[in-house]
Amino acid sequence: MTVGAGETQEAKTTYREAMREALREALRADDRVFLMGEDVGRYGGCFGVSLGLLEEFGPERVRDTPLSESAFVGAGIGAALAGLRPIVEIMTVNFSLLALDQILNNAATLLHMSCGQLPVPLVIRMTTGAGRQLAAQHSHSLEGWYAHIPGIRVLAPATLEDARHMLAPALADPDPVLIFEHGSLYNVSGELLPLTEPVDLDHATIRRPGTDISLITYGGSLPKALAAADELSAEGINAEVIDLRTLRPLDGAAITASVARTHRAVVIDEAWRTGSLAAEVSARIAEESFYDLDAPVERVCSAEVPMPYARRLEEAALPQTADIVAAAHRTVD
């Protein structure tokens, strides 16, 4: 495209390509950075994110690992302790449970147990979420479990910009950082503006301002919340959409500020309702914004069943735009 003086050039890309370019930039910028995980090299990643990186950077920097999440996450922790900057890819969040001991009992606690002597600057990437007919062992949203753990940072990039630019500050963080990439977002395409300032990993952001109700969400549910806001707007209801972005530490101030403006809230979370991140957000609203509320907080979550394989059952189990619109009406009407 032709760009005139003073104009900003936009690039057409996908979420997958934005993640790949973030990895490429990190590998070029710092010799200590390397990528490891199952099929990240010759196969190009289970979801194609690392395609071509092995050919560009070689097998020392892009390492295929055996099928043992506990082993290669542990190796990543050891490499981080030794001064490297590993990026560990776990195929799906369900498989990360095989490395939960390493993440919880080692990566998240070593700095504390060593009195500050042993930081673990490790980044772990994994795909989360459903909507792709991959059945129960590949489709759950367990990032709320990890947001429960002190000692780690939990990120959920939902936009092309966050997919492209969250990795660099994550690598600069002295603590372990977990990045959850929703599988339904990889093929999302659009225009990607050049970075004008560093991505803020500490704060949520307003994706759509509004005055009548707050739709609070993250990750793969953000497009559904924005679609619901469009439908509500056509009915004269002005919905504000909050993208949490960082699930730990949670930006409570952004949540309370939004509720103070709109006086109503719907929390959308693809995880199960019981003990979910949506429950935590709802509790914080009750604790900190009770007198700002004009209606009870609504939650839109997945059905409390193992994720079905059949497409219609999977769609029925997941939060959908129509469910968000219906919840909004319950708070406004």
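Tyrosine 291 is exposed, with a relative accessible area of 79% (exposed means over 50%, buried under 20%, and partly exposed in between, using a 1.4 Å probe and protein chains only). Everything here comes from a predicted model, where local features need pLDDT of at least 70, side-chain atom pairs count only at pLDDT 80 or more, and totals for chains, interfaces and linings use all residues. Residues are numbered from 1 along each chain as its sequence is written, and side-chain values use heavy atoms, with hydrogens and water left out.

Now for the aromatic rings. A search of the whole structure turns up four aromatic pairs (rings of Phe, Tyr and Trp, the last by its six-membered ring, pair if their centres lie within 6.5 Å; planes under 30 degrees apart are stacked, over 60 edge-to-face, and the rest tilted). One of them joins tyrosine 15 and tyrosine 186 edge-to-face, at 5.8 Å centre to centre and 70° between the planes. Tyrosine 15 sits in helix H1 (residues 15–29) and tyrosine 186 in the loop between strands E7 (177–182) and E8 (189–192), so this pair ties together parts that are 171 residues apart in sequence. (Helices, H or I of at least four residues, and strands, E of at least two, are DSSP runs numbered from the N terminus.) Both tyrosine 15 and tyrosine 186 are buried. Another edge-to-face pair is made by phenylalanine 290 and tyrosine 291, with 5.2 Å between centres and 90° between planes. Tyr15 and Tyr186 also belong to one aromatic cluster with Phe47.

Next come two helices. The axes of H11 (residues 252–262) and H12 (residues 277–288) come within 10 Å and cross at roughly 65° (axes are lines fitted to C-alpha atoms, for helices over the stretch in contact, with angles from 0 to 180 degrees between N-to-C directions). On the H11 side, Gly252, Ile255, Thr256 and Val259 meet Val281, Arg284, Ile285 and Glu288 of H12, contact being heavy atoms within 4.5 Å.

Aspartate 39 is not a glycine, yet has a positive phi of about 65°; its place is the loop between strand E2 (33–37) and helix H2 (53–57), and at 36% relative accessibility aspartate 39 is partly exposed. Glutamine 133 also has a positive phi, near 55°. Glutamine 133 lies in the loop between strand E5 (123–128) and helix H7 (143–146) and is partly exposed, at 22%.
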